[in-house]
Structures are given as structure tokens and as C-alpha cells.
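Hello,

Here is the structure for your files. My notes on it follow below.

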Amino acid sequence: MRTRITELLGIRYPIVQGGMHFVGLAELASAVSNAGGLGILTALTQPSPAALAEEIARCRSMTDQPFGVNLTFLPARTPPDYPGYVRSIIEGGIKVVETAGNNPQQWMPMLKEAGIKVVHKCTSVRHALKAEAIGCDAVSVDGFECGGHPGEDDVPNFILLPRAAEQLTIPFIASGGMADGRSLVAAMALGAEGMNMGTRFIATQEAPVHDNVKQAILAASELDTRLVMRPLRNTERVLNNAGVERLLAKEKALGDQISFADIIDEVGGVYPKVMKHGEMDAGAWSCGMVAGLIHDIPTVKELIDRIMAEAQQIVRQRLAGMV
């Protein structure tokens with residue numbers, strides 16, 4: 001399937017793996033790339049630029065196909081060594097970077113000079129237009145359904161994707177609620193040139209996370225996510241658990257007076273506990289509403305092959321038969 005995204009990223013299928021904390025490691029990224037999509041390593045999961053360089057080399061030993069790196073720019077009292085991470089990306093020969101969080105403008109000259117394609121994650125049309133204006137090659141448009149940070153506008157993809165199509169000239173990828181061939185065909189009908197999957201890729205055999213995480217996604221319905229940190233305007237969609245219930249109780253009790261320090265136990269250092277050790281009630285971890293559409297734990301290749309076969313069947317048979 002050829003789209004502007006497959007041409008831009010040098011991949012066979014318009015399927016991109018989202019950058020996910022303590023999930024985007026070489027095992028998953030290489031499997032996605034080998035199956036024809038674009039695998040993504042998550043830079044800030046690595047404790048240092050040197051560790052990222054090692055992970056890039058490890059991934060390169062596992063695939064000869066293109067893969068990218070997610071670099072999320074977060075406000076922090078002690079910011080990560082972003083110059084070091086960018087150097088590791090460039091020196092590692094990475095040609096696609098998914099940026100997220102704050103505006104990546106200050107890093108664009110270094111990335112572009114190295115011939116790197118930049119795909120910025122956006123939760124609104126205005127942010128997508130800004131990404132286009134600063135020279136991003138594509139954007140990943142995240143609807144309100146998505147796991148992680150959906151922004152503060154609460155616009156779902158059935159509205160957000162066609163709005164993006166009306167405004168953008170660069171290609172964009174649909175993110176949030178993407179799980180199968182139906183998702184891909186629907187996203188492309190609404191103007192996207194591919195799709196980004198996060199939660200769906202966690203529930204695969206190669207995802208390097210504890211089996212408790214995969215089973216929790218399998219058991220969840222579309223009703224089992226919650227929005228946390230709304231009072232702090234740092235909204236995150238997470239899978240409900242005892243830690244999330246504690247967090248929401250604090251938000252309700254403290255109201256507008258809440259601070260990040262009040263909820264640090266429920267959000268700080270949670271990912272290693274959940275993803276590595278399977279402590280499912282440790283606190284808040286990102287999960288999309290798409291959990292309701294996830295019913296098995298296939299290999300990555302089985303999943304991608306199934307998605308593409310389903311998409312082709314929908315386009316060539318179901319839809320073609322209606323006109």
C-alpha cells in the first residue's frame with residue numbers, strides 16, 4: 001500500500017508504532033520494522049544518551065529495515081540531556097524522529113542537517129499547523145481516544161482527522177483508537193496517509209513488557225480508561241486500577257489546589273513497576289480506549305499482515321460492492 005507516508009518513511013505499509021515509555025525497545029521496534037511498518041525506539045526510556053546509542057545499535061542488529069526514535073520534550077525541573085540524545089540519534093544513523101511534547105523547533109536545524117525526517121505528534125489542528133510551519137515533514141494527529149496525553153481540547157478523531165486534512169499540506173498519520181484494518185481504512189478515508197498504533201502493539205508477543213500488562217489490556221473494555229491530571233492541565237488517559245483510583249480521589253478532594261507533588265506516588269516511577277515487574281496497581285500508565293478492540297496477543301507480523309489483509313478486503317470487496 002503506497003501513500004505519502006510510506007514514501008516519506010521508506011516503509012512497505014502505512015503503519016507506525018507509537019513511542020511508548022518502557023515499551024519502545026529494540027525487541028518491539030525491530031519486529032514492527034521487519035513486518036513492514038515503522039518501529040520506534042523511545043529515547044527517554046534509556047537513562048542516558050550512551051544507553052540510547054547502545055539501544056539503536058542493538059535494534060540495527062535485529063533489522064535491516066528503517067526504524068525511528070521517539071524524543072519527547074517535557075517540562076522538567078532537571079531536563080534530560082536533550083543535546084546528548086539528539087547526538088546519539090544523529091550518530092546512530094537514524095533517519096526518522098517522532099517528536100512529542102513541547103515544540104521541537106530549537107532541534108530542527110540539527111535534525112534536518114542530518115537528513116532526518118521529523119514527525120511531530122499533535123493533539124490539535126493549530127499545533128499541527130505550527131509543526132508544518134517550522135519544517136516538520138509530517139505530523140501524527142492524536143484524537144481524544146488516544147492513550148497518553150490527548151491534549152485539553154477533547155476532539156475525537158472523527159472530527160480531528162478531517163479538520164487536519166482541510167488545513168495541512170504535509171501528510172499526517174492518524175493516532176488514537178487504531179487497532180485493525182477497519183481503523184486504517186477509516187483513517188485514510190478521513191484524510192490520513194497512515195496510522196499510528198500504541199496500545200495495540202503492547203498486546204503483541206514481542207512487546208517487552210510483563211504478561212500482566214498484556215492480560216490487563218486484553219481484559220479491558222472501551223469503558224476502562226480514565227483521565228487523570230486534568231486539574232494540572234496535563235491530562236493523561238490511563239487504564240483504571242487501584243493507583244488511578246487513589247489519584248482521582250486526591251484530585252476530587254484537593255480540587256484546584258492540587259499540585260504535582262500531591263500525586264507523585266501515583267505517577268512518579270510507575271512505568272518500571274508496571275511494565276517490567278507487572279505491578280498493575282502501582283499507579284497511572286497510558287492506555288487507549290482502543291483496549292476494547294483488542295482480543296488477542298499475536299506476533300507483530302501476524303498483526304500487521306492481518307491488518308493489511310483486512311484493509312484490502314474492506315476496500316476491494318465491502319466498499320467496492322456498495323458503489
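How many aromatic pairs does the structure hold? There are three, where rings of Phe, Tyr and Trp (its six-membered ring) pair if their centres lie within 6.5 Å, with planes under 30 degrees apart counted as stacked, over 60 as edge-to-face and the rest as tilted. The centres of the F73 and Y82 rings are 4.9 Å apart and the planes stand at 50°, so this pair is tilted. For F73 and W107 the centres are 6.0 Å apart and the planes at 5°, so this pair is stacked. The latter pair links distant parts of the chain, 34 residues apart: F73 is in strand β3 (residues 67-73) and W107 in the loop between β4 (96-101) and α5 (108-113). Helices (H or I, at least four residues) and strands (E, at least two) are DSSP runs, numbered from the N terminus.

The model is predicted: local features need pLDDT of at least 70 and side-chain atom pairs 80 or more, while totals for chains, interfaces and linings use all residues. Residues are numbered from 1 along each chain as its sequence is written, and side-chain values use heavy atoms, with hydrogens and water left out.

F73, Y82 and W107 form one aromatic cluster. F73 and Y82 are buried, as is W107 (under 20% relative accessible area, 1.4 Å probe, protein chains only).

Elsewhere, R237 lies over the face of F144, 4.8 Å from the ring centre (cut-offs: CZ of Arg within 6 Å of the ring centre and within 35 degrees of the ring normal).

Regards

Methods
Buried < 20%, exposed > 50% of the residue type's maximum accessible area, 1.4 Å probe, protein only.
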